[in-house]
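Dear colleague,

I am handing over the structure that follows for your reference. Please look through it first, and then read the notes below it.

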Amino acid sequence: MPLIAAALAATLSVSATCSWNRPGVDPYRGDAATALAHYPDIPAAQREVLLDKMSKGQPDDRVAIRRDAIIGDADYDPAIRDMHFGKTKMCGSVDRSKWTASRSEPGAVYCADQHCILVPKICGNVSRITRRSQPATTPPDQPDQPVTVAAPVPVEPWNPERHPLDWLTGTELGLSDGPGHEGGDGDGEGDGSGEPYLTADAGNPALWGWDEDQPVQAVPEASTWAMLVAGVGIVAGWGRRARRKAAA
């Protein structure tokens, strides 16, 4: 084993500090056993445990790697070290300071005692991290306790205020494609009731901006307009017929 480790060390290019601001650009192209052999301070027994977990895909924790933290069930130091790149490159300290605060990369953590290996999903760059505390143990099951269920609160039926232009906008018909509202049972967001709801800001009378304190001019329905046009046509026809009779 010492001869193998020495041979691997001779072919390994090690850098003190490297940038990991673009994850996935230079993924690790070696295998887990070779990467673990580059960590000579890990005893052989623990290395075998780590290799077994990694080969079976059984991590101890799944974490979110952030710019300033590694978030998982356990508490981890945010520093990532001894990261493998390419085929024969390893970096002692990894910099990710240019990540945005919202960026998050998933990773798997494999541990044997105090030795923990981090494998980011995006690139497989086998690395090391420090686990500061283990996940809290789950307390033993407690005997069943009586559960108090609160009485349901009565809910007022959905009854939006009407407006004379509802027939035009589609709100009166409850259409999910009417302007200014969305269906609760459609693809968009809803209130869960299955009814369309208005999206006007609080304090606004409605999206169309009318003032309920002012009188509103009634708008004739379509049937009223049709009757008016038909009446005008009949009167015009009678007038034309009367003029023809007078000329004859």
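The following paragraphs set out what was found in this structure.

**Overview**

Please bear in mind that this is a predicted model. The protein chain has 248 residues, of which 26% count as buried. Its secondary structure comes to five helices and twelve strands. Among the contacts in the chain with a separation of 6 or more, 61% are between residues 24 or more positions apart. The accessible surface comes to about 16900 Å², and carbon and sulfur atoms account for 55% of that area.

**Strand pairing**

Strand β6 pairs with two strands that are described here. With β1 it runs parallel, and six bridges join the two. Within this part of the structure, Ser 15 stands opposite Cys 91 of β6. With β5, in contrast, β6 runs antiparallel, and four bridges join these two strands. Phe 85 has Lys 89 in β6 as its bridge partner. The strands β5 and β6 form a hairpin with three residues between them, where Gly 86 takes a positive phi near 55°. As a general point for viewing such strands, the side chains in a regular strand alternate between the two faces of the sheet.

**Nonpolar cores**

The largest nonpolar core has 19 residues. Which residues have the most contacts inside this core? They are Trp 20, Ile 80, Val 109, Leu 118 and Ile 129. The elements that give two or more residues to this core are β2 (61–65), β5 (81–85), β6 (89–95), β7 (105–112) and β8 (115–120). There is also a second, separate core of 15 residues, which includes Leu 36, Met 90, Tyr 110 and Ala 112.

Trp 20 deserves a separate look. Leaving aside its neighbours within four places in sequence, Trp 20 is in contact with a list of residues that includes Ile 65, Ile 80, Met 83, Phe 85 and Val 94. Also among its contacts are Asp 95, Arg 96, Trp 99, Pro 120, Cys 123 and Asn 125.

Ala 35 lies in helix α2, which spans residues 32–37. Is Ala 35 buried or exposed? Its relative accessible area is 0%, so Ala 35 is buried. Beyond the neighbours within four places in sequence, Ala 35 is in contact with Tyr 28, His 84 and Val 126. The C-alpha atoms of Ala 35 and Asn 125 are separated by 9.4 Å, although the two residues are 90 positions apart along the chain.

Glu 105 has its place in strand β7. Because its relative accessibility is 9%, Glu 105 counts as buried. Its side chain is joined to that of Arg 103 by a polar contact of 2.8 Å. Apart from neighbours within four places in sequence, Glu 105 is in contact with Val 63, Ala 64, Ile 65, Trp 99 and Ile 122.

**Salt bridges**

The structure holds ten salt bridges. Some of them form a network that links Asp 26, Arg 29 and Lys 89. The side chains of Asp 26 and Lys 89 meet in a salt bridge at 2.7 Å, N to O. This pair links distant parts of the chain, with Asp 26 in the loop between β1 (13–19) and α2 and Lys 89 in strand β6, 63 residues apart. Lys 89 counts as partly exposed at 39% relative accessibility.

A further salt bridge joins Arg 132 and Asp 77, with their closest N and O atoms 3.8 Å apart. Why does this pair tie together parts that are 55 residues apart in sequence? Arg 132 lies in strand β10 (residues 131–133), while Asp 77 lies in the loop between β4 (75–76) and β5, so the bridge spans that separation. Both residues are partly exposed: Arg 132 has a relative accessible area of 49%, and Asp 77 has one of 25%.

With kind regards

Conventions:
Residues numbered from 1 in each chain as written. Predicted model: local features only at pLDDT ≥ 70, side-chain atom pairs only at ≥ 80, totals over all residues. Heavy atoms only, no water. Buried < 20%, exposed > 50% of the residue type's maximum accessible area, 1.4 Å probe, protein only. Contact = heavy atoms within 4.5 Å. Core = buried A, V, L, I, M, F, W, Y, C linked by side-chain atoms within 4.5 Å. Polar contact = N/O pair within 3.5 Å; in protein donor to acceptor, adjacent residues only side chain to side chain. Areas by Shrake-Rupley, 256 points an atom, 1.4 Å probe, with all protein chains shown as cover. Salt bridge = Lys/Arg side-chain N within 4 Å of Asp/Glu carboxyl O. Pairing = 2+ DSSP bridges.
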